[in-house]
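I am keeping this notebook while I look through a protein model, and each entry sets down what I looked up and what I found.

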Amino acid sequence: MSPFNYIFLWLTIILVWMSAGSGGFAPPGRFRESSALVGNRLYFFGSQNTAQQRDNIYLDVTLSTLNTTNPSWFMSNSIPADFLLASSCVGGPNKNTIYLLNHLTTSNGDSNDTIVYAFDTVATSWSTPNISGQIPPSWQQFQAVNDTNAWIQGSNVNALTPRVDFTATLLNNGLILYIGGIADVGTIYVSEIPTYNTNNNSWSTMFATGDTLNSRYSHTAVLSPDGHVIIYGGVINGSTDQSQVLASLDTTVNPYKWSIKPIIGNNLPPSLAWEVL
């Protein structure tokens with residue numbers, strides 16, 4: 001699938017969410033949820049809204065049958081605990097298990113440790129995975145990617161500056177790219193991309209070329225099969241220019257290269273923030 005097909009898929013998903021219509025199950029609006037794509041199902045977990053914090057819903061995004069007027073929404077088995085400001089990632093031997101990482105206990109109290117639940121999308125069942133290593137302190141407004149089922153203390157040498165509301169994308173070569181975010185230390189430039197190498201436990205920074213993007217946070221990022229990281233929306237610092245809401249980072253070239261993508265057609269979506277993918 002080309003980057004442009006991926007752009008079409010994710011923009012269609014956004015439009016479906018906005019226009020969930022008169023037929024079938026139409027979920028109410030929510031924010032600060034977590035989400036993960038497994039096969040042709042896009043799962044959403046939890047919410048800032050108290051009544052939705054154990055929700056587990058999914059949308060069938062099969063392109064050949066996707067109907068934006070009457071989308072196919074489904075409710076799945078509820079999360080065992082309340083979830084908001086959490087992170088989700090896909091893993092397991094067959095890449096059909098979703099891991100949720102949170103800072104709330106089953107009684108909705110703050111935990112000093114990261115709480116992890118696993119959802120088997122085939123059996124539609126929840127479990128508490130047995131993860132080796134020391135459980136790290138609790139976090140929120142972070143992004144997780146899955147590479148191993150063990151807690152390991154990574155290197156802090158040349159690590160990225162503290163930040164929240166960024167995206168983390170695991171490339172096929174084992175590099176994790178951290179794009180954007182907001183911090184107390186000053187502006188975080190999208191052209192300066194901290195990378196963590198899971199193969200040798202080291203940090204570096206990639207200075208991307210191409211189109212100049214304004215700094216942003218609370219955006220989304222997805223990886224296409226051919227190595228493009230596509231970001232959408234977010235809070236774009238210092239600008240009301242809607243032409244920058246969609247951009248693609250080509251990671252097949254060195255240095256990486258940004259390209260701003262125009263959004264054309266009818267029924268265009270607005271710029272969205274805190275829509276975690």
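How many bridges join strand 3 to strand 4, and do the two run parallel or antiparallel? I found 3 bridges between strand 3 (residues 56-60) and strand 4, and the two strands run antiparallel. Before going on I noted that this is a predicted model, in which local features need pLDDT of at least 70 and side-chain atom pairs count only at pLDDT 80 or more, while totals for chains, interfaces and linings use all residues. I also noted that residues are numbered from 1 along each chain as its sequence is written, and that side-chain values use heavy atoms, with hydrogens and water left out.

**Entry on the first sheet**

I wrote down the terms before using them: strands (E, at least two residues) and helices (H or I, at least four) are DSSP runs numbered from the N terminus, and two strands pair if DSSP finds at least two bridges between them. Strands of a sheet pair through backbone hydrogen bonds, either parallel or antiparallel. Here I looked at an open sheet of 4 strands in the order 1-2-3-4, with antiparallel pairing. Its edge strands are strand 1 (34-38) and strand 4 (73-75), each of which pairs on one side only. The twist from one strand to the next averages 25°, where angles run from 0 to 180 degrees between the N-to-C directions of axes, which are lines fitted to C-alpha atoms. I then followed Tyr-58 across to strand 4, where its bridge partner is Phe-74.

Another open sheet holds 4 strands in the order 9-10-11-12, and its pairing is antiparallel. Strand 9 (167-170) and strand 12 (202-207) stand at the edges with a single partner strand each, so one side of each is left without a neighbour in the sheet. Strand 9 is joined to strand 10 (residues 175-179) by 4 bridges, and these two run antiparallel. One residue I traced was Ala-168, whose bridge partner in strand 10 is Tyr-178. Strands 9 and 10 form a hairpin with 4 residues between them, and Gly-174 in the turn has a positive phi of about 95°.

**Entry on salt bridges**

Side chains of opposite charge can pair when their charged atoms come close. I counted a salt bridge where a side-chain nitrogen of Lys or Arg lies within 4 Å of a carboxyl oxygen of Asp or Glu, and by this rule the count comes to 2.

One of them joins Asp-55 and Arg-30, at 3.0 Å from N to O. Asp-55 lies in the loop between strand 2 (41-45) and strand 3, and Arg-30 in the loop between helix 1 (3-19) and strand 1, so the pair ties together parts that are 25 residues apart in sequence. Both residues, Asp-55 and Arg-30, are buried (buried means under 20% relative accessible area, exposed over 50%, and partly exposed in between, with a 1.4 Å probe and protein chains only).

Arg-54 forms a salt bridge with Asp-82, with the closest N and O atoms 2.9 Å apart. Because Arg-54 lies in the loop between strand 2 and strand 3 and Asp-82 in the loop between strand 4 and strand 5 (87-91), this pair ties together parts that are 28 residues apart in sequence. Arg-54 is partly exposed, at 33% relative accessible area, whereas Asp-82 is buried at 14%.

**Entry on the backbone**

Most residues other than glycine have a negative phi, and most peptide bonds are trans. I therefore marked Lys-95, which counts as partly exposed at 48% relative accessibility, and which has a positive phi of about 55° although it is not a glycine. Asn-254 and Pro-255 are joined by a cis peptide bond, with omega about 0°, and Pro-255 lies in the loop between strand 18 (246-250) and strand 19 (257-260).

**Entry on aromatic rings**

Rings of Phe, Tyr and Trp (its six-membered ring) pair if their centres lie within 6.5 Å, with planes under 30 degrees apart counted as stacked, over 60 as edge-to-face and the rest as tilted. By this rule the count comes to 11 aromatic pairs. Phe-45 and Phe-119 form an edge-to-face pair, 6.3 Å centre to centre with 70° between the planes. Ring pairs also link Tyr-43, Phe-45, Tyr-58, Phe-74, Phe-119 and Trp-126 into a cluster.
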